[in-house]
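Look at the model below and keep its sequence at hand. The text starts with its pockets and then turns to a sheet.

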Amino acid sequence: MNEWGAVSIAGQALIDSMDHGCHDVEWQGFPVRLIKQPWGELLISLHGAQVLHFRPANEHPVLWLTAQPKSFPGAIRGGVPLCWPWFADHPADAALPAHGVARTGKWRLEHEQITESGGCWLMTPEASLWPDLALSLRITVGQNGLAISLTTDNVGLQAATLTQALHSYLAISARNSISIEGLEGYAYFDKLQAMAQFNLEGSVDATQEIDRVFNHAESVLLVDHGWQRSLRIGKRYSGSTVVWNPGVSAKGVVDIGLDQVDAFVCIEAANTGCVDPVVLLSGESICLETQFTIEPYVK
Ligand SMILES: O=P(O)(O)OC[C@H]1O[C@@H](O)[C@H](O)[C@@H](O)[C@@H]1O
């Protein structure tokens, strides 16, 4: 527990050791920008342009972060990894890394603006991550919470197809203390059943392993009865909502483990191959966005 009575994240000791302000520091061997302000805390990794941590003042963390990341330059589990320019396995080449190349790419901070109630950060890759596709990331903190927008521009001469996700690891008090609202009645593909298609009857049960891609373009409400918090997960330009928790499959996964599987659920704004792959003509762009907003808790 920290001074606000909130649960600590894996990087909390580092955050607590720093003064208010903005700092370039190292977390577990990864270069990060730590922003500590009266409005809250934000930790951004330059490796992967990944928001690792966000906590508005006097709140529990919004995002979960592993305490045992793979060594640099591996993919960091937690926060909001960028899956791009493909989500899950590459459709044609199994040798390519799952979830693409953005989450392990080198990024730089182009612009930072801090305000009384939040701020804005613009990031770009240090070098092109994929032929003919330019990428940039905007992170915005305001009174309404956190928004992350990933913009892809087709700077080539041919049309390009991509899939992508903002793979949010949302911190929770416990899996059996939450409800996930807004997906009822929607069609989904179940990765645990060879991508068979179903319609969701009732609400999502995330107390056990779950790996589903919903054909769903709306927002989701994550109600945490343990923390008495409602978190709205909004999005733009996304027709797929992915819900993932590894359940018992986390056993032996070094950067999760069975002790942590109860501490998060992933609800991801995505464009997936089975629902809404994106085709960008030459000169076109798409801005995939996810937003996290704390709303009044209603039992
Ligand atoms: O271990 P990774 O590559 O970060 O992926 C984690 C999970 O990410 C989810 O988005 C996928 O639906 C899962 O199938 C996958 O296991």
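On a 1 Å grid over the protein atoms alone, a pocket is an open set of points where a 1.4 Å probe fits, with protein on both sides within 12 Å along at least five of seven lines; lining residues have an atom within 4 Å of a point. A volume is the space filled by probe spheres set on the points, which are joined across faces, edges and corners.

The model is predicted, so local features need pLDDT of at least 70 and side-chain atom pairs count only at pLDDT 80 or more, while totals for chains, interfaces and linings use all residues. Residues are numbered from 1 along each chain as its sequence is written, and side-chain values use heavy atoms, without hydrogens and water.

The second largest pocket has a volume of about 340 Å³. Its lining has 18 residues, and Arg77, His99, Arg103, His167 and Trp244 lie nearest its centre.

The largest pocket has a volume of about 480 Å³. Of its 27 lining residues, Pro85, Trp86, Pro91, Leu162 and Thr163 lie nearest the centre.

Strands are DSSP runs (E, at least two residues), numbered from the N terminus. Two of them pair if DSSP finds at least two bridges between them. Eight strands form an open, antiparallel sheet in the order β6-β7-β8-β9-β22-β18-β17-β13. β6 (107-114) and β13 (178-181) each have a single partner strand, so one side of each has no neighbour in the sheet. Within the sheet, β9 (145-154) and β22 (285-295) run antiparallel and are joined by eight bridges. Ser149 has Glu289 in β22 as its bridge partner.

Notes
Helices (H or I, at least four residues) and strands (E, at least two) are DSSP runs, numbered from the N terminus.
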